[in-house]
Protein chains: 2
Amino acid sequence: MYSVCVSTPERLIEATRELLWERGYVGTSPKAILQRAGAGQGSMYHHFNGKPDLALAAIRRTAEEMRATAEAVLGGPGSPYERVEAYLRRERDVLRGCPVGRLTMDPDVVVSDELRAPVDETLDWLRERLAGIVEEGQERGEFASALDGEEIAATIVATVQGGYVLARASGSTADFDMGIRGLLSLLAPRSPTGDSPTSTSTSTSA
Amino acid sequence: MYSVCVSTPERLIEATRELLWERGYVGTSPKAILQRAGAGQGSMYHHFNGKPDLALAAIRRTAEEMRATAEAVLGGPGSPYERVEAYLRRERDVLRGCPVGRLTMDPDVVVSDELRAPVDETLDWLRERLAGIVEEGQERGEFASALDGEEIAATIVATVQGGYVLARASGSTADFDMGIRGLLSLLAPRSPTGDSPTSTSTSTSA
DNA sequence: GTCTATAATAAGATAGAC
DNA sequence: GTCTATCTTATTATAGAC
C-alpha cells in the first residue's frame, strides 16, 4: 500500500517491482499486484496491456535504478581498484538477490526478447563500465597488464551474481561476502616482486 | 515421454527434474509433469504426497548428479590448478543454467527448509571440495600463499553460478566463457617474479 | 479512471471406479 | 497401481456499471 498522493499507474509499477524481486515473473500474479497496489482489475487493464506490459514497465525502472546505483559508485572518487572494491563492497540486500539478475532464471522472461532486453542491456552496460575501469587501472599499473579487461569485468559481475546464489542457498550473507573477499584478494594490486602489499582481505597475514 | 521399461515413479521424477530445470518450481505445474511423464493424476498422488514431495525427490537426485559430475573432474588427475581449470572448463549446458543453483531464485524453494537443503548441501560440498584443492595447490606453491582457500573456493563457485546469469541474459554462452577465462587468468600460477608463465587464457600475449 | 461482476482456463488435490 | 471424474481455488482477462 502506497501513499494516496501517488498515481495509480505508479503504485501498480512499484507493487510489480517488489513482487518481481520477491517472487519473479512466473511467481507473480496480477491479483497479487492489485492487492499490493490497492487497485482494482479495471485500473490495471486501463493503464497497461496486461501482465507482460506492466512487468516491462517495472523491469525497465528496476534496470534503470540498478544502473544509477552502480554508476554512483563506479563514477565516484578513488583509484580504479578502489572503485571496483567500492562496487563489490557496497551495501546490498544480499538475501533478496539481484532484482535484475534473478529475472534470467525466469522462463517467461528469458523467452521474451522484450522482457529480457532491459536485463541484458543493464548487465552488458555494467560489464563494459567495469572493463573500462580495469583497463584504466592497467594503465596506472594497478592491475596486471596481462589481464583482459573485458574478461575481468565479466568475472566481477559473475562473482556478484553468483554470490547471491550462494547466499540464498545457505540463507546467510556470509557466503556472498566470502566470494567477494576472494575476488578482491585475486584482484589486489601486486608489487612487481609478486606478493600483495595492500591488505584488502581478512586473509592477508601480517 | 520415456521408455515403457521404466517405472511410473521413475518417469515422474525424471519429468519433474526436466521441468524444474526448464521452468523452476513455481513455473512447473503437476499437470505439466503428468503430461511429460505420460501418467494420470492418480499415479502421482499414489507414489508422492503432492507437488512438494515429488519435487524433493527430483531435487535430491539432481543434486546428487551434480555432485558426482563435479567429483569426476575434481577427483581426477592433474595438479590442483589443472583440476580447478578442468572443473571451470568442463562442458556445460550453459544456456539452460545450473539445475541446482537456479532453485535459489525460486521463492517457494528458498522458503522451504526441506526443498532448500539439497541445494545448500550441494553448493556447500562443492565449496569445501574446491577449498581443499586450492589449499593443496598452495602447499605446492601453485597458488599464492596469501590467498584464503575458502574464499577462493567461494569465488570460483560464484563465478560459475553468475556466469550462467550473464549467458542467459544475453542468450549467448560467450559471456559465461569470458567470466571463466577472467577467473582463470587471475588464478593462473605466477612465478615469484610476478608474471604468468602458463598460457591459460586467450588474452595472454606472447 | 476506477470499480465490480463475469468468465474461461489452469492449479492442485481428492474420490472412487477399475 | 492406474485411471477418470470431481472439486476448490487461483489465474488472466473482458464487460459494463458508476
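Colleague: Where does the largest share of the surface near DNA strand C come from?

Modeller: The largest share, five residues, comes from α3(A). A residue is near a molecule or strand if one of its heavy atoms lies within 4 Å of it. Helices (H or I, at least four residues) and strands (E, at least two) are DSSP runs, numbered from the N terminus. This is a predicted model, in which local features need pLDDT of at least 70 and side-chain atom pairs count only at pLDDT 80 or more, while totals for chains, interfaces and linings use all residues, and side-chain values use heavy atoms, with hydrogens and water left out. Residues are numbered from 1 along each chain as its sequence is written, and chains are lettered from A and ligands numbered from 1 in the order in which they are written.

Colleague: Which residues come nearest to DNA strand C?

Modeller: Of the 15 residues around DNA strand C, these are T8(A), G40(A), G42(A), H47(A) and Q41(B). Sugar or phosphate accounts for 62% of the atoms of DNA strand C within 4 Å of the protein, and bases for the rest.

Colleague: Which polar backbone or side-chain atoms lie by a phosphate oxygen of DNA strand C?

Modeller: A polar contact is a pair of N or O atoms within 3.5 Å; within protein, one must be able to donate a hydrogen and the other to accept it, and residues adjacent in sequence count only if both atoms are side-chain atoms. Here, a polar backbone atom of G40(A) is 2.7 Å from a phosphate oxygen of DNA strand C. For an N or O atom in the side chain of S43(A), the distance to a phosphate oxygen is 2.9 Å, and for one in the side chain of Y45(B) it is 3.2 Å.

Colleague: What is the area buried between chain A and chain B?

Modeller: The size of an interface is often given as the accessible area lost when the parts come together. Buried area is that loss (1.4 Å probe), summed over both parts. Between chain A and chain B it is about 4,600 Å², with carbon and sulfur atoms giving 62%. M105(A), E151(A) and L186(A) supply 16% of the area that chain A buries against chain B, more than any other three residues.

Colleague: How many salt bridges are counted between chain A and chain B?

Modeller: A salt bridge is a side-chain nitrogen of Lys or Arg within 4 Å of a carboxyl oxygen of Asp or Glu. The count between the two chains is six. In one of them, R181(B) pairs with E151(A), the closest N and O atoms being 2.8 Å apart. On the side of chain A that touches chain B, α8(A) gives the most, with 17 residues.

Note on methods. Buried area = accessible area lost by both parts, 1.4 Å probe.
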